[in-house]
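Colleague: I would like to learn how to read helix packing and pockets. Can you take me through a case?

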Amino acid sequence: QILYLKPPWTLANLLKCYKKHWMAVFGYVVPRSLLSTIECLYKHLCTGKPADSSTVRMLLQESKKLFHAFSSRSDYNGVLPQAYAEVNKLYQTLTEVRGALNLSEDIMVLSENAVCEKMEAMTPNLQNSEEKKLHPSFHVAQENRHQEIWSVLEGVWNTINLYSIEIFQKLDPSTVNVTAKSSFEEAFLGLQKLLAAVNDIHEGISR
């Protein structure tokens, strides 16, 4: 009924509403200290300032923190876990790119002689790999594929088991005496993502 800016919102408008109504509304839903996260996001996303990779990494972490906090209230019809998954995917991609760039810089630092030595050392391996391509083993490839599939399924099971323990501990601490490392919010968001992953696996098996 009383709103600083009415919808439809832009990102800037939304963050302004957060700041305006923080003490009266949002501070009662999530920790009030997260106001600094809102201000940080507004400063870097809505003022037109250029951002380097370190700043983007920090903004993605702040966004994940905000999603975690609001997940304790609701999953917002599945929108929140989906948004969290997308932000997390961006974060992981950025981390991989930064790692690749750092690796390329390290390689550039090597002297010419060291590079030559590495190439000479790698030549037999390259020849071996070419021979393998010329003489592929169907059974070996198939066995590796089976191991990959088993690894994925085992990972899904272990994650479900971990989060299930966490949830049951929250509901009744006397039922399970295992120390879980993840928070309740992480367990909730993780289970939402696992639902989608299990559905994908089921569809793949069906096909």
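Modeller: Start with contacts, meaning heavy atoms within 4.5 Å. Leu 11, Ala 12, Leu 15, Lys 16, Tyr 18 and Lys 19 in helix 1 touch Leu 35, Ile 38, Glu 39, Leu 41, Tyr 42 and Leu 45 in helix 2. By class, this contact has nine nonpolar, no polar and three charged residues. This is a predicted model, where local features need pLDDT of at least 70, side-chain atom pairs count only at pLDDT 80 or more, and totals for chains, interfaces and linings use all residues. Residues are numbered from 1 along each chain as its sequence is written, and side-chain values use heavy atoms, without hydrogens and water.

Colleague: At what angle do the axes of helix 1 and helix 2 cross?

Modeller: Axes are lines fitted to C-alpha atoms over the stretch in contact, with angles from 0 to 180 degrees between N-to-C directions. Here helix 1 (residues 11–20) and helix 2 (residues 35–45) cross at roughly 150 degrees, and their axes come within 10 Å. Helix 1 is therefore roughly antiparallel to helix 2 (over 145 degrees).

Colleague: How do I read a pocket?

Modeller: Rolling a probe the size of a water molecule over the atoms shows where empty space is left. The largest pocket has a volume of about 620 Å³. Of its 22 lining residues, Leu 14, Tyr 18, Leu 66, Phe 67 and Phe 70 are the closest to its centre.

Colleague: Which helix gives the largest share of the lining?

Modeller: Helix 1, with five residues. The lining divides into 19 nonpolar, two polar and one charged.

Notes: Helix = DSSP H or I, 4+ residues; strand = E, 2+ residues; numbered from the N terminus. Parallel < 35°, antiparallel > 145°, perpendicular 65-115°, else oblique. Nonpolar A, V, L, I, M, F, W, Y, C, P; charged D, E, K, R; others polar. 1 Å grid on protein atoms, 1.4 Å probe; cavity = no way out; pocket = protein on both sides within 12 Å on 5 of 7 lines; lining within 4 Å. Points joined across faces, edges and corners; volume = space filled by probe spheres on them.
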